[in-house]
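Reader: I am new to this structure and would like to learn how to read some of its features. Could you take me through them one at a time?

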Amino acid sequence: MMRAVEFRMPQVLLQGPGSLALMGKEVKRLGKKKPLLVTDEIMEKAGYADQVKAILVEAGCEVAVYNGVGGEPGDKHVEAGLAEYKKNDCDFLVALGGGSPIDTAKAIGILETNGGKITDYMGADKVAKPIPPLVCIATTSGTGSEVTKFTIIADTAKDVKMLIASPFIIPTVAVADPALTLSVPPSVTAATGLDAFCHAIEAFVTKKEQPMCDVLALNAVRLVSENLRKAWCNGDDLEARANMMLASTQAGMAFNNASVTLIHGMSRPIGAVFHVPHGISNAVLLPVWAEYTYIAKPEKFARVAEAMGELVAGLPVLEAAHKAVDAIVKLCRDVEIPPIRELIKDKEEFEKRLEKMAHDAVASGSPGNNPRFVTEARIVELYKKAY
Ligand SMILES: NC(=O)c1ccc[n+]([C@@H]2O[C@H](COP(=O)([O-])OP(=O)(O)OC[C@H]3O[C@@H](n4cnc5c(N)ncnc54)[C@H](O)[C@@H]3O)[C@@H](O)[C@H]2O)c1
Ligand SMILES: [Fe+2]
């Protein structure tokens, strides 16, 4: 049923191989001169940071760098980055990297104009003022953070990955240049690619579905199904990389407006407590989630099956829908996603934390968007099944 909805996105998206070269023109338009480049050491070693600095200098900027984002970001990274921003008297932010540097830059921006601690902003719409202009250059095909209103920052005192949502943190300029992803190793390609797949399928079946997002989400499902294996097998396949980047950005735009559901709700607590990378913590839950959820929206799961290349013509809708579950299991197996027990060897410790994890999952709000209803007790069962 049609209803009134909003759809938000960055002012500018530079997309496709070579699009990084178009960034200088957009930076000049911002009229600012002192960026803090937020990145990590791998981006510096790969030479991407120098490439970006050269474009910024050419656009008349004096660049300061914070490269301390190591692993997925926590409150401490945000504070350290903010100190660099202030010390260098910066006036805008440029993020270069996967979701980790991009999310860090968004959080630095929140504190720069709103003050306080990053934990003050957990949840939706707690950010009162716009952040400085923000240019985000994605180097993984995964989070879609370059187009979203979300940042995910660990509250290290509470072992919680905080979801912070605000329209003020949607990047001003997003760059999605797949040439920057040619160097992503296979394990990160698999994890981030399945993160994008989860964004797409969750945004497609969520209770907050909307027509604009449906188109983007279903196309992203198709693109990941057709290209993830290729990008994982041959990292230098630029066509597969370009299709994965397009999928990631489309999935990002879809879940930015239609939200994620139970997979992301359950995955953040695994990341927070056991420090499993975000894409992997989603991927290990994806097959169990699909089996649990497909009966709640079989028509949509049947369309997912078709987009994933399954033959569904003439099948009863429930059988067609289950083909999506089968295709998801195959995709995860093909890119060697392990079960949780191989990532978290201490089963007793895992089981001890399940109640907290289920509680935090529900508290994040994402499971409430799932088309099939869940309780904390049911979430505990699903964690055990995925183990
Ligand atoms: N804000 C959002 O909308 C959103 C959505 C989903 C996930 N996230 C968050 O994003 C973070 C994860 O981001 P991610 O999955 O992109 O991983 P990441 O940014 O942590 O990067 C993973 C690893 O890959 C390396 N890497 C990145 N790009 C590379 C390249 N081009 N070549 C070689 N190595 C490269 C990084 O240095 C790092 O070691 C998590 O904290 C997650 O919670 C945010
Ligand atoms: Fe994600």
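Reader: In which loop is D125 found?

Author: In this predicted model, D125 is found in the loop that runs between β5 (123–124) and β6 (134–138).

Reader: What should I look for in the backbone there?

Author: Most residues other than glycine have a negative phi. Here, however, the phi of D125 is near 60°, which is a positive value, and the phi of E336, in the loop between α13 (317–334) and α14 (340–343), is likewise near 60°.

Reader: How do the axes of α4 and α5 cross?

Author: The axes of α4 (residues 75–87) and α5 come within 9 Å and cross at roughly 60°, and the crossing is right-handed. Residues including H77, V78 and L82 in α4 meet residues of α5, among them T104, A107 and L111, and the residues of this contact divide into six nonpolar, three polar and one charged.

Reader: Why does ligand 1 lie between the two domains?

Author: Ligand 1 lies between domain 1 (12–180) and domain 2 (185–386) because both give residues to the shell around it. Of the 29 residues around ligand 1, I42, E72, G98, G99 and S100 come nearest, and the elements that give two or more residues to this shell include α5 (99–114) and α6 (186–205). The residues of the shell divide into eight nonpolar, 17 polar and four charged.

Conventions: Residues numbered from 1 in each chain as written. Chains lettered and ligands numbered in written order. Predicted model: local features only at pLDDT ≥ 70, side-chain atom pairs only at ≥ 80, totals over all residues. Near = placed C-beta within 6 Å. Helix = DSSP H or I, 4+ residues; strand = E, 2+ residues; numbered from the N terminus. Nonpolar A, V, L, I, M, F, W, Y, C, P; charged D, E, K, R; others polar. Domains from an automatic or database assignment. Axes fitted to C-alpha atoms, helices over the stretch in contact; angles between N-to-C directions. Left-handed = near helix turned anticlockwise from the far one by under 90°. Contact = placed C-beta atoms within 7 Å.
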